[in-house]
Amino acid sequence: MSIEKNIQTVKDFFAAIGSSDREALLALVAEDIEWIIPGEDWPLAGTRRGHAGLADLLETASRSIETSAEPREFVAQGDRVLVVGVATGRIKATNKTFEDDWIFAITVRDGRLTNIREYVDTQALARAAQLDAPGPV
């Protein structure tokens, strides 16, 4: 696929997440999708595989965090699309808000996302998750 089509597929993916359109989301990801969020001791960290893993990640996220992501820049080469964005949200357990700069490194093959590696501002999220920590600075 062309770089432009890969970028559009990724934009459609973010739109499906933003509108909670599970059907559209599943249509955009490969059955063997791999989503990696580096880190430990955080409910969203880890590697999830397949549609079941994706469903688990989204369910875990909906239980623990409210967030709105805004992709701001798309950089593509071949089958790779890097997305630079910002998210704002709230950790449900602490009721604290956060602003999180992030980058997604996404692989698109045959019109579907096959791999996502998500890099987030762990400090912003850790601060919001601490029960005794102050809110955003």
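Helices here (H or I, at least four residues) and strands (E, at least two) are DSSP runs, numbered from the N terminus. The model is a predicted one, so local features need pLDDT of at least 70 and side-chain atom pairs count only at pLDDT 80 or more, while totals for chains, interfaces and linings use all residues. Residues are numbered from 1 along each chain as its sequence is written, and side-chain values use heavy atoms, with hydrogens and water left out.

Burial is judged by relative accessible area: under 20% is buried, over 50% is exposed, and partly exposed falls in between (1.4 Å probe, protein chains only). At 17%, T114 counts as buried. Contact here means heavy atoms within 4.5 Å. Leaving aside its neighbours within four places in sequence, T114 is in contact with A30, D32, I33, E34, T107 and R109.

Strand β6 covers residues 112-120 and also holds Y119. Together with V75, L82, V84 and I103, Y119 makes a nonpolar surface patch of about 380 Å². To go into a patch, a residue needs over 30% relative accessible area and no salt bridge; like charges are joined within 9 Å, and nonpolar side chains (Val, Leu, Ile, Met, Phe, Trp, Tyr) within 5 Å. The accessible areas themselves come from the Shrake-Rupley method with a 1.4 Å probe, and for residues only the protein chains shown count as cover.

Next come the helices. Helix α3 runs over residues 50-64, and its 15 residues reach 21 Å from the first C-alpha to the last, close to the 21 Å expected at 1.5 Å a residue. That expected span is 1.5 Å times one less than the number of residues in the helix. Buried in α3 are G50, G53, L54, L57, T60 and A61. Looking down the axis of α3, these buried residues fall within an arc of 130°, so they line one face of the helix; the arc is taken from the directions from the helix axis to the C-beta atoms. An α-helix has 3.6 residues a turn, so residues three or four places apart point the same way. The buried residues of α3 pack against α2 (22-28), β1 (29-37), β2 (46-49) and β3 (65-77). On the face turned away from the buried side, α3 carries the exposed residues A52 and R63.

Helix α1 has 16 residues, which should span 22 Å at 1.5 Å a residue; its end C-alpha atoms are 23 Å apart, which agrees. Its buried residues are N6, I7, T9, V10, F13, F14 and A16, and they pack against α2, β1, β3, β4 (80-91), β5 and β6. D12 is also found in α1, but is partly exposed at a relative accessible area of 33%. D12 and A24 are 12 residues apart in sequence, and their C-alpha atoms are 8.4 Å apart in space.

Side chains of opposite charge can pair when their charged atoms come close. The structure holds 6 salt bridges, each being a side-chain nitrogen of Lys or Arg within 4 Å of a carboxyl oxygen of Asp or Glu. In one of them, R49 pairs with E34, the closest N and O atoms being 2.9 Å apart. This pair links distant parts of the chain, with R49 in strand β2 and E34 in strand β1, 15 residues apart. R49 is exposed, at 55% relative accessible area. Another salt bridge joins R63 and E59 (3.6 Å, N to O). Being 4 residues apart in helix α3, these two are separated by about one helical turn. R63 is exposed at 53% relative accessibility, whereas E59, at 42%, is partly exposed. E70 and R72 also meet in a salt bridge (3.3 Å, N to O); E70 is partly exposed at 42% and R72 is exposed at 55%.

Finally, the backbone. Most residues other than glycine have a negative phi, and most peptide bonds are trans. S20 has a positive phi, near 55°, and is found in the loop between α1 (3-18) and α2. D110, likewise not a glycine, has a positive phi of about 50° and lies in the loop between β5 (96-109) and β6. S20 is exposed, with a relative accessible area of 66%, and D110 is exposed at 76%.
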